[in-house]
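Dear colleague,

Please find the structure below, handed over for your review.

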Amino acid sequence: CLGFPLSIFFIVINEFCERFSYYGMKAVLTLYFTRFLRWEDNFATAIYHTFVALCYLTPILGAIIADSWLGKFKTILYLSIVYAIGQAVLSVGSISELTGGSANNVAPNIALSMIGLILIALGTGGIKPCVSAFGGDQFEEDQERQRGTFFSLFYLSINAGSLLSTLITPTLRATECGIHTKQECYPLAFGVPAILMAVALVVFVIGSKMYKKIKPQGNIMLEVSKCVGFAIKNRFRHRSKKFPKREHWLDWASDKYDKRLIAQTKMVLRVLFLYIPLPMFWAVFDQQGSRWTLQATAMNGDFGFQIQPDQMQIVNPILIVIMVPVVDSVIYPLIKKCKLNFTPLKKMTVGMFLGSLAFVAAALVQVQIDKTYPVFPAAGQTQIKLINVGEIPATVQFQPQLDSVNIAPKKETGYMIYEASKLQSVHISAAILNKTVPLGLQKKERYTLAFKWDSTDISSNLIWDNITSKPENGKSLVRFINSLPYTVNVAMGNTDFGELDPLSVTNYSFVPKPDGSYTINASMPEGACTAVSKKFGYGSAYTISLDYCVANELSITYFEDIAPNTVHMAWQIPQYFLLTCAEVLFSVTGLEFSYSQAPSNMKSVLQAGWLLTVAVGNIIVLIVAGASTIDKQWAEYVLFAALLLLVCIIFSIMASFYTYIDPNEIEAQFSEEKKEEHKKDQDDNEKEAEIDSRM
């Protein structure tokens, strides 16, 4: 078909579905940990990066199984089955009804989720080194151009799957579902990737009769490991001074292994030595799905349409699709015209520097977010806010002999901080009426004093505000205060707040969709009145006063207890841009450099080494998240930026001592030497034969 083996189309479709499945699941994973399993941010981050680390450790196992035992086809098939089962188990584990809708008992959900994630890590990691290589196996030697086109299509399918899933699954997650309680629909968000993985498996099996299946030929990684192990063991055995030194420690393997393998191993180890600082880059890069997603939950996602916090990750694949051709066709040629020697290792160094800058940008955004957080009372302090729900202005004096404030009708003061031991009462003056209200406020608590003037009295209600932090995960809270002179029954949307006596207050309730509007219904003795709420915004808390009803229209006043998220998610775009530029310079160049510096039969060793750096990078994050005593998130971002900058300097020094080689030339020399030895052996055999014939 168009000069391509028909089998490769099944492989490309399989890869698209598998990547959709993986990235779609991964996009919502952090919020699943924090919102559904109710884990705190550091623990959720640690588990997320443990999972990613496993996904990058298992490819080594997959490569060994494929090359030494089952072959690529069977390895992909069997591990894809494990993968699909893992996705299904994770989806089932996210059903809240497993525990009868109880939010307090999530142990079964945690157990199933962890089993599912382990199976997914084994599956996705195990097939990772096999699928692209299996696709390359389908081509003949004279189909070099078609093979190159296949790898381009393969890369495109990866990005297409990543783009679509990162857009779709957070939207599915944000919908509501459930039998006992309506909440974010994680079974659907995980279920769709599970279905796509099942489709990937079916597509792969359908093409099975068309595939060219090459038998396992042994794994070069095992050979290299054995060669290195023997050299170390032999060197240790001959550590006495009576044994002459050898030029390189690997030369001690020459007693058992041929010179060609030893020379190739030396080339690989030179590159692997440069890999030592690289995990720090991945420690920064992979926080897009954890820390940066959590950062987005405290931001405003209104772009004219609502962007979910986990959808911001889509910026990276979009920018990758744009940046790779721009950098290759514009930036690099321009640098070349300027006659700058921009070597691969220099590109990687610049990439690490840009990664460090990305986290500086993230820290600056976090500082702005922190400024929007409400201030809560410290030890020994208390907070009080005054709300005048009446129609007459009032003056309130804090006693004994503290300050006083004037409050207009339907207005509030905002929370004021006092020493709990000093503030005893308030004196309210409105028109010709006066009232003293004793307080008795507790330390480290927030209170609201609502009051109202009428012709004969000033009525008041001291309310304990049971909020100790900004609503988590971008949720919003709302409660109602009844300013009417009679009891009403209040509902907003599908939430029933119950009966409300004059000047009494409901408990706070979560707003299902803070970016939506709801109908507020107040049932009164003479009928029902309605009003349409405003959009509350994410991360806010409001008290809504029910003021009066005219012609079935309810008049209400909003009092802002906690401001909504005001820092826009668009401010994350610069840090995503810097990190994507870093990825293009670091990751793409790093693989290209590694392949150019390794012998043809050792590519898989470097691929394993590269994936190992990603795994170690994620382990660094989970260690920092688990052990860090830094309580300010911006400071943690600065810490990672500083560490990456330090590693960048170390890497640049290491790179300056590196000498570029051409493995093909070295291999050609060995081939030539082998030919000469073979020719010499032939000549010797001929001479021996000639002597024998004369005898």
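Which side chain does Asp-465 meet in a salt bridge? The partner is Arg-479, at 2.9 Å from N to O; a salt bridge here is a side-chain nitrogen of Lys or Arg within 4 Å of a carboxyl oxygen of Asp or Glu.

The model is predicted, so local features need pLDDT of at least 70 and side-chain atom pairs count only at pLDDT 80 or more, while totals for chains, interfaces and linings use all residues. Residues are numbered from 1 along each chain as its sequence is written, and side-chain values use heavy atoms, with hydrogens and water left out.

Asp-465 lies in strand E11 and Arg-479 in strand E12, 14 residues apart; strands (E, at least two residues) and helices (H or I, at least four) are DSSP runs, numbered from the N terminus. Both Asp-465 and Arg-479 are buried, that is, under 20% relative accessible area, whereas exposed means over 50% and partly exposed lies in between (1.4 Å probe, protein chains only). The two residues also belong to a salt-bridge network with Lys-385, Glu-412 and Asp-561.

The whole structure holds 13 salt bridges. Another one joins Glu-184 and Arg-173 at 2.6 Å, N to O. Glu-184 is in strand E2 and Arg-173 in helix H5, so this pair ties together parts 11 residues apart in sequence. Arg-173 counts as buried, at 0% relative accessibility.

In a further pair, Lys-410 and Glu-391 have their closest N and O atoms 3.5 Å apart. Lys-410 is buried at 18%, whereas Glu-391 is exposed at 54%.

Kind regards
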